[in-house]
Amino acid sequence: MIFREDWSKTRTKRGKILIFLSFPLKSLYQTGPNSNSHLLLLPRTSTLSFTVNSLPDRKLQSSVTPPPPSSEDKSWAVTTGEIFLRLASRLINLRSSNTVVGDFGFVTKKEAYDEERIGALTEDEVEPVVVWEQRVKDVEAEQERRVITSPGFSFSAAGLLFPYHLGVAKFLIENGYIKETTPLAGSSAGAIVCAVIASGASMEEALEATKILADDCRSLGTAFRLGAVLRKVLENFLPDDTHIRANGRIRVAVTQLLWRPRGLLVDQFDSKEDLINAVITSSYIPGYLAPRPATLFRNRLCIDGGLTLFMPPTSAAQTVRVCAFPASRLGLQGIGISPDCNPENRAGPRQLFNWALEPADDEILDYLFELGYVDAAVWALENPLEKILHDDHRSLV
C-alpha cells in the first residue's frame, strides 16, 4: 500500500480549509467453501476529503462510511474484554474525582524499592494522582540519549483498534512530527505501535501484519489465544535489533499486581524477546490474551498497562496524547489526537469497543487506519510543525 506523498490544503473565501487525501485501499477478504480464509490484494482507490472550519466547530466529510453495527451475540472475548474495560473506566473516573489518593497508584519511595530498585517516580502532568515507577536501568537508558525532540507522543490502550494508531503514526512520521529522536510511550496496543515505530518498519507493513493476526483470530478464535498469536506475529515482524533502537526512547507501561495495582514504565530492554515480553505484558487482559489471571514479567505479576497507565508520559518536555477512543466519552483530559477531532461520520462507542475486542474485517481495519491519519491531519492544522517542534540537547554526565 502506497500513500500519496503529501497532503494539500487550500483556504477558501469562506475562511475554511479544505484537505484532500487519497488512499489506495487494496484489500479484499474472501473465503472459499473448502479452503482456509485468505487475503486477495486488489487495487482500489478511495478519495477522502474533509473540511476544517476556522471556527471551533469541525466536520468530516468522507467517502468512507462506517459499516452498520453488528447484531451478533457477544463472544466470550468481547464479554471478558468489556468487564476489564469497565473496571479500567471506573478506575479512571475514581482518579478524576480524587477519591483514591494514597490508596491506588501513588507509592512512596520506601514501598517502591525491590530487587530491581526503583530509580524514579514520574507524576502524570494531567492526572497528578497517578504516579509511575521507573527502574534505575530505565532511567539510565533515557539519560544516554543525547538529543530529545519535543513533543513526544503517547499512544493509548486500544485493543484491536491498533490500525487507528498506525494511521496517526503514518501522518506524524510523514510530516516530520515523529523523528528518530522523538520519545514515545504507550500502553497495550499503544506500546506495540511504539515498538513498530522504533523498529523503522513502515506503517503499511504493520497494517498488513495486523491483518494476518486478525485473519488468524477470525478463523480460530480470539479469547485465550490472542497472546500466542500476537507473539508469533511480532517475532516475525520486528527486526532483531528492535530492542537496541527502542532503548531509552520508548516507554512501555505495565500494571504490577502487588497488594494493590501500580504502574511501571519500562524503557530498557535486554533483547528483542525482552521487548516483546514487555509489550505483550502491557497488553495482557486477564482471560483474554491467555487463560491465566496474570502474567509474569521480570519476576513480577503483571496485567494490562491500560488499567493504570492508559496514556503514560514520554521523556520529552511535552507529550501529545493519542487516544483511539472518543476521549470525551471516557472522561479523559489533555488528549491531543482522538476521534473527537472529527466526531461526525464515525462508528458509535459500542461498535468501537466491539472492534477493539474482536478482529474486524480487513476493510474496517483500512477504515480505522484512514481515520487515524485524518485525525492527525486535523490536529496538525492547529499545531504547525514550526511552532511546536524543538530539540533538547543533553550534556554528557
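A salt bridge is counted here when a side-chain nitrogen of Lys or Arg lies within 4 Å of a carboxyl oxygen of Asp or Glu. By this rule the count comes to 11 salt bridges in what is a predicted model, and the structure holds 0 disulfides.

**Salt bridges**
- Arginine 251 and glutamate 142 meet through their side chains in a salt bridge, at 2.6 Å from N to O; because arginine 251 lies in strand E11 (residues 250–257) and glutamate 142 in helix H3 (residues 136–143), the pair ties together parts that are 109 residues apart in sequence.
- Arginine 251 counts as buried at 5% relative accessibility, and glutamate 142 likewise counts as buried, at 9%.
- Lysine 272 and aspartate 240 form a salt bridge at 3.5 Å, N to O, which links lysine 272 in helix H9 (residues 272–282) to aspartate 240 in the loop between helix H7 (226–237) and helix H8 (242–246), 32 residues apart.
- Within this pair, lysine 272 is buried at 14% relative accessibility, whereas aspartate 240 is exposed at 61%.

**Helix H4**
- Helix H4 (residues 162–174) is largely enclosed by the rest of the structure, because 11 of its 13 residues are buried, among them Phe162, His165 and Lys170.
- The buried residues of H4 pack against strands E9 (152–155) and E15 (319–322), and against helices H5 (189–199), H6 (203–220) and H12 (362–382).

**Cysteines**
- Cysteine 194 is buried at 0% relative accessibility, and cysteine 323 is also buried, with a relative accessible area of 0%.

Technical notes:
Residues are numbered from 1 along each chain as its sequence is written. This is a predicted model: local features need pLDDT of at least 70, side-chain atom pairs count only at pLDDT 80 or more; totals for chains, interfaces and linings use all residues. Side-chain values use heavy atoms; hydrogens and water are left out. A disulfide is a pair of cysteine sulfur atoms within 2.5 Å. Buried means under 20% relative accessible area, exposed over 50%, partly exposed in between (1.4 Å probe, protein chains only). Helices (H or I, at least four residues) and strands (E, at least two) are DSSP runs, numbered from the N terminus. The expected span of a helix is 1.5 Å times one less than its number of residues. Contact means heavy atoms within 4.5 Å.
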